[in-house]
Amino acid sequence: DGAAPFLSAFEMSELTPVAGSVEVLAKARHSATAQELPYILRNKNHFYVADIPFSFMHEADRYLIFADVLFDVLGEEPQHKEKPAVFRFEDIHSRIPVNEIVDMVEAAKTEGIPFNVALIPMYTDPNIGPESPPERQSLPIHLDPSFRQMHAYFQASRGAYVWHGVTHQYLHGRNPHSAQSGDDFEFWDALENAPVPLDSQRFVLSRLEDGWWSINQAGVDVKIWEVPHYQASVRDYLIFARVFSWNIGRVIYFSHRASGVPEHDERILFQTRHPDGKKLRERAFRNLLTEVYSGPQGQFYPYETYGDIYGQRVLPENLGNIQAYTNTHVTSPRTVDDILRDARRNRVLRDTWASFFLHPSLTGLPINDGLGVYAGDRHEISRLLRGIKSFGYKFVDLQEFIWDKESITPPVTKWEFR
């Protein structure tokens with residue numbers, strides 16, 4: 001009947017329909033007593049939700065029911081005839097073992113699907129001493145001879161790029177893990193749970209200019225941005241929203257107020273390669289000021305959005321990733337079966353995606369955080385890709401997808417969000 005499935009509730013109000021025109025859109029079932037209660041009610045253009053759906057949200061949460069009901073609240077129609085799927089290789093830089101990347105690419109090629117490479121353009125490891133060769137300490141992709149071959153391999157294999165930070169780490173100290181690219185936060189102080197000490201317009205734009213130089217020199221075409229570990233300050237997100245046409249991933253939101261926020265201007269997008277782009281970007285954000293009133297709150301979307309509170313167009317990542325083993329960064333393991341179960345359940349949602357990311361090391365042995373019974377074992381990765389396809393999702397080339405959406409501009413607003 002189109003109603004959302006039953007769900008397990010945390011704490012919620014008990015709602016009782018009192019009028020004949022009230023429609024119960026979703027029910028909650030008590031996990032211990034099996035008691036059923038209305039979760040979302042509708043009376044014409046009035047909607048009632050029995051709790052705060054943004055609390056404790058996860059990949060299989062009742063928040064997704066709320067996200068689906070927004071179509072009714074806003075009077076919007078679904079856009080997709082087929083449910084999109086996205087497969088992303090995460091944290092790819094010049095020091096990732098080539099065999100791991102090849103294993104992941106071949107798994108995608110075998111299933112006939114496009115894939116996306118989350119590229120860190122400037123590898124850095126400040127732990128390596130000064131006596132080591134410079135290329136061991138830092139290696140941008142445009143100076144890496146092997147990357148040219150890998151780039152051609154990606155292009156021939158239906159691979160597209162996502163720009164995943166600049167170094168994906170912060171200066172020379174641990175933030176909080178190893179200080180090595182791919183491990184640490186770049187735009188957020190993970191030890192203090194606050195913006196990095198150097199956070200400013202100049203700091204952010206300077207790093208992005210460095211990364212863009214390496215990307216250009218390497219001949220890489222990229223339009224989509226991904227924040228390292230999805231964490232940044234309000235200032236950073238406001239900048240990202242205007243220098244990149246799309247962001248992919250999960251976004252951190254704050255109660256905040258901002259002034260001096262520039263309008264969207266194609267000339268300051270990195271991808272337009274405007275000859276005065278650097279100067280225009282510096283000028284655009286010189287009066288940007290932010291006031292933050294709360295700590296960070298994460299949110300993800302099961303579908304693409306065309307203008308969040310920062311002005312970003314956001315491509316979803318709604319299924320997480322495989323983390324078979326806990327470590328210093330991962331506290332909740334997640335398996336292939338977890339992702340498949342959530343993708344199957346989500347088919348009842350309108351316009352939902354099956355968007356997830358994997359690290360190439362998964363094709364290795366468990367001792368190296370892999371899933372294989374031998375080095376290069378692609379069995380579990382292939383099982384995941386086949387399962388997603390069997391549910392009716394269609395893997396999309398993100399570059400082609402956003403090409404069709406370039407004319408849709410996020411709203412220009414002076415934000416005050418409390």
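Visitor: What pLDDT does the chain average?

Guide: Happy to start there, since this is a predicted model. Of the residues, 92% score at least 70. Over residues 1-6 the pLDDT is below 50, and that stretch has 10 contacts in the model beyond near neighbours in sequence. Residues 411-418 are also below 50, with 21 such contacts, while the chain average is a pLDDT of 91.

Visitor: Are helices H8 and H9 roughly parallel or roughly antiparallel to each other?

Guide: Take H8 as residues 336-345 and H9 as residues 379-390; their axes come within 10 Å and cross at roughly 5°. Angles under 35 degrees count as roughly parallel. H8 and H9 are therefore roughly parallel.

Visitor: Is strand S9 largely enclosed or largely open?

Guide: In a regular strand, side chains alternate between the two faces of the sheet. Gly159, Tyr161 and Trp163 point one way from S9, Ala160 and Val162 the other, and all are buried. With 5 of the 5 residues of S9 (residues 159-163) buried, the strand is therefore largely enclosed by the rest of the structure.

Visitor: Which residue stands opposite Trp163 in S9?

Guide: Look along strand S6, residues 115-119, which pairs with S9 in the parallel sense over 5 bridges. Standing opposite Trp163 of S9 is Leu119.

Key:
Residues numbered from 1 in each chain as written. Predicted model: local features only at pLDDT ≥ 70, side-chain atom pairs only at ≥ 80, totals over all residues. Heavy atoms only, no water. pLDDT = per-residue confidence, 0-100. Contact = heavy atoms within 4.5 Å. Axes fitted to C-alpha atoms, helices over the stretch in contact; angles between N-to-C directions. Helix = DSSP H or I, 4+ residues; strand = E, 2+ residues; numbered from the N terminus. Parallel < 35°, antiparallel > 145°, perpendicular 65-115°, else oblique. Buried < 20%, exposed > 50% of the residue type's maximum accessible area, 1.4 Å probe, protein only. Pairing = 2+ DSSP bridges.
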